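Subject: Structure for your review

Dear colleague,

Please find the structure below, followed by a summary of what was found in it. I would be grateful if you read the two together.

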Amino acid sequence: MGVATAASMPVAERIWRRFTPEQRFTRFVVYLVIVASIVLSIRSVEVIPEFLADAPEQVVDLLKRMWPIDWPHYPDTVHAALMETIHIASLGTLLALVLALPVGILAAHNLVPFVPINLLAKLILVSSRSVNSLVWALLFVGIFGPGALAGTLAIGFRSIGFVGKLFGEALEESQIGPIEALKAAGSPWRSVLAYGYWPQVKPSFWSIALFRWDINVRESAVLGLVGAGGIGMALDSALNLFQWDRVALILFAIFAVVILAEIVVTQVRKRVI
Amino acid sequence: MNTVAALPADPFQRSVWPRVAAVALLVYVIYAAAQMEISWERVQTGLYNAQRFFGRLFPPNFSRWELLAKGLVESLEIAVLASTLGILLALPIGLAAARNLMPPWVTWPARLIIVMARSFHPVIVAILFVKAVGFGALAGILALTVASVGFIGKLFTEAIEEISLKQVEAVRATGAPFASVLWFGVLPQVFSRFIGFATYQLDSNLRNSTMVGIVGAGGIGGTLFAAFQRFDYDFVCAILISIISLIMIGEVLATAVRRIFIEHATVADLFRAGGAASRERHLEDD
């Protein structure tokens, strides 16, 4: 990558640079855009100084109201809501796995060598991923009314894109050897899928599923804020009533479940995959 | 040919455990689905509602575009500032958490900060910041800063822990001070991955900055939620279309930045087709 300013100059006097002028110019443009956007954002973002000055006092107030944590409240409603959150995350992930398998297969160009279908499948995956799970939740609350069903569907639809994209990519990376061997033996397409592709993509499939479940446990905790069931609904009502000691309890419960989910995922991954 | 006789009758015989797991999963699904109160009646009303709902969603109504543009600009500002602050904070924290460079008494607190920052969804963190600093963009910026610290901190730590120590030792052997060890021994090894997570985080912050408004932390989310609650569905549709286009533009720009810094692409290269980073895989998608 070294670029000498003039090849005829003695070696000691040449100026060596890592990048060509075009590359340096391009990088400079990126830096300029970054700095300009930061400066513009700082200048135009609306920050109310009185609120900022008030912040330490508010934080102290918040912590005082949160303490002592309302532990006795846990068995009443928080436990059920917490379980509902876990159900939403798990069922949503399963739904996504079931729906994403065919879409992922359709998106893999080596399995379905027909470009329009690949593009259609990719379009489904992209649209599933670009809509936030909270927006999916708003849509499903609008359709099925408030409750865990809306949350499950929101988690499921948001996860299709993620699972399908990664699964499709894993399929595209699989080795052609075993597949050709099966085809040469005259296997029907079902056997090619089950004994040619599946063993190759199985580890990545399960690790994608576990990883998504872990994300979904975190995501399903907020869906209740828009009415889609789970612990978010308990959080929302505690917030609206300014019961900060209950808020603290709920936050602690979410924290515990998230950490637990992470431990489960690491252990399962270690043993199974 | 004795070996053939020794094979089991069914060479593809499955072991017992996957079956047990499958049955357990099925039982769980039935149990959990029973809690969801799904009934045929509900599905029917749902389908009817869906029809009406989608009917009212279209055509999108862009007549209040000024409100829409204001919200989008605020979301962009939140994303830019949160990413900047988050990256600036995550670099020292991520470095402090790297076990191969730092002693345990430094890595433990740093790891704790990263775990804490990662464990809550940005919207929940936003609720707390709304209480602390009031409604508005600042709460959103702070909430997404926390999320960025958690995400970049974790990945940056992992990247540093995977570096080759030979170069670090070589720099140390020249008697270089610690800052030079970092600058010449560590940073060049993690720079391209760092660009990867930084652009990825900007993308992710952009997605979340359109949502934190639901709890009053600024950006387009507040407008979206208000329009939803007023059953202003044609405006909701307009907002959703704008959010999705914004996110897609953000994704294209992030890919361009990755190609410039990782593949040393120039402006002219960007307009040519192909390139490995444009198809780069991200497992950490959220």
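Two residues are taken to be in contact if their C-beta atoms, placed from the backbone, lie within 7 Å. By that criterion, and leaving aside residues up to four places away in sequence, A:Phe140 touches A:Ala150, A:Leu153, A:Ala154 and A:Ala228.

Please note that this is a predicted model, in which local features need pLDDT of at least 70 and side-chain atom pairs count only at pLDDT 80 or more, while totals for chains, interfaces and linings use all residues. Residues are numbered from 1 along each chain as its sequence is written, and chains are lettered from A and ligands numbered from 1 in the order in which they are written.

The two chains

Helices and strands are DSSP runs numbered from the N terminus (helices: H or I, at least four residues; strands: E, at least two). Chain A has 10 helices and zero strands. Its radius of gyration is 26 Å, well over the 19 Å that the globule rule gives for 273 residues, so chain A is more spread out than a compact globule. Here the radius is taken over C-alpha atoms, and the globule rule is 2.2 Å times the number of residues to the power 0.38. Along the principal axes, the C-alpha atoms of chain A fill a box of roughly 75 × 70 × 40 Å. Among contacts in chain A with a separation of 6 or more, 70% join residues 24 or more positions apart.

The domain assignment, whose bounds come from an automatic or database source, divides chain A into domain 1 (11–44) and domain 2 (72–272). The C-alpha centres of these two domains of chain A lie 40 Å apart.

Chain B contains 12 helices and zero strands. With a radius of gyration of 25 Å, well over the 19 Å that the globule rule gives for 286 residues, chain B is likewise more spread out than a compact globule. The C-alpha trace of chain B spans about 75 × 70 × 45 Å along its principal axes. For chain B, residues 24 or more positions apart account for 69% of the contacts with a separation of 6 or more.

Burial and the nonpolar core

A residue is called buried if 20 or more other C-beta atoms lie within 10 Å of its own, exposed if 12 or fewer do, and partly exposed in between, with C-beta atoms placed from the backbone. Buried residues make up 40% of the 273 residues in chain A and 43% of the 286 residues in chain B.

A nonpolar core is a set of buried Ala, Val, Leu, Ile, Met, Phe, Trp, Tyr and Cys residues joined through C-beta atoms within 7 Å. The largest such core has 151 residues, and those with the most contacts inside it are A:Ala137, A:Phe140, A:Ile250, B:Ala126, B:Phe129 and B:Ala143. Helix H7 of chain B supplies the largest share of this core, 16 residues.

The contact between the chains

The contact takes 56 residues from chain A and 49 residues from chain B. On the side of chain B that touches chain A, the elements giving two or more residues include helix H4 (65–96), helix H7 (137–161) and helix H11 (233–262) of chain B. This side of chain B has 31 nonpolar, 10 polar and eight charged residues; Ala, Val, Leu, Ile, Met, Phe, Trp, Tyr, Cys and Pro count as nonpolar, Asp, Glu, Lys and Arg as charged, and the others, Gly among them, as polar.

Local points

Helix H10 (residues 220–229) of chain B is largely enclosed by the rest of the structure, because eight of its 10 residues are buried. Those buried residues include B:Leu224, B:Phe225 and B:Phe228. Their cover includes helix H5 (133–144) of chain A, together with H4 and H11 of chain B.

Just after H10 of chain B, B:Phe231 takes a positive phi of about 55°, although B:Phe231 is not a glycine. B:Phe231 is in the loop between H10 and H11 of chain B and counts as exposed because it has 11 C-beta neighbours inside 10 Å. In chain A, A:Phe242 also has a positive phi of about 55° without being a glycine. A:Phe242 lies in the loop between helix H9 (231–240) and helix H10 (244–272) of chain A, and with 10 C-beta neighbours inside 10 Å, A:Phe242 counts as exposed.

Yours sincerely
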